[in-house]
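Please look through the sequence and the structure shown here before reading on.

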Amino acid sequence: MIKIFIDEEKCTGCGECIGVCPKGPRIYRIVEKNGRKVAEVADKSFCIGCTTCVTACRPKAIRLDRGW
Ligand code: SF4
Ligand code: SF4
């Protein structure tokens, strides 16, 4: 089972992950936490482990654990 971790300290809430992911709007959402916008994983079950989001995230806030 794939796990997606977002480092909220690094995330800028830019939304790039949603834009590049083939299932972006299903997997990610941008929420406000402590007055900052950050990405949150809404439903990781749509993730195919392509790592496009990891590459696209400029602050390197996304980490995937693909379990293999
Ligand atoms: S691309 Fe990275 S920095 Fe931008 S919202 Fe997604 S996780 Fe946060
Ligand atoms: S690894 Fe691919 S499918 Fe999974 S969240 Fe990132 S861009 Fe989307």
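By class, how many nonpolar, polar and charged residues does the shell around ligand 2 have? In this predicted model, the shell holds eight nonpolar residues and three polar ones, while charged residues are absent from it. The residues that surround ligand 2 include Cys21, Cys47, Cys50 and Cys53, and among the others are Ile27, Tyr28, Ile48 and Leu64.

The C-alpha trace spans about 35 × 20 × 20 Å along its principal axes. Because a compact globule of 68 residues would have a radius of gyration near 11 Å, the 11 Å of this protein agrees with that expectation. Of the 68 residues, 29% are buried, and the protein exposes about 4500 Å², of which carbon and sulfur atoms supply 51%. If one takes the contacts between residues at least 6 apart in sequence, 55% of them join residues at least 24 apart.

A closer look at one part of the fold shows how two strands are joined. Strand S2, made of residues 28-33, pairs with strand S3, made of residues 36-41, in the antiparallel sense and over six bridges; Glu32, for example, has Lys37 in S3 as its bridge partner. Two residues lie between the strands of this hairpin, where Asn34 takes a positive phi near 50°.

Methods: Residues numbered from 1 in each chain as written. Chains lettered and ligands numbered in written order. Predicted model: local features only at pLDDT ≥ 70, side-chain atom pairs only at ≥ 80, totals over all residues. Heavy atoms only, no water. Near = heavy atom within 4 Å. Nonpolar A, V, L, I, M, F, W, Y, C, P; charged D, E, K, R; others polar. Rg over C-alpha atoms; globule rule 2.2 N^0.38 Å. Buried < 20%, exposed > 50% of the residue type's maximum accessible area, 1.4 Å probe, protein only. Contact = heavy atoms within 4.5 Å. Areas by Shrake-Rupley, 256 points an atom, 1.4 Å probe, with all protein chains shown as cover. Pairing = 2+ DSSP bridges. Helix = DSSP H or I, 4+ residues; strand = E, 2+ residues; numbered from the N terminus.
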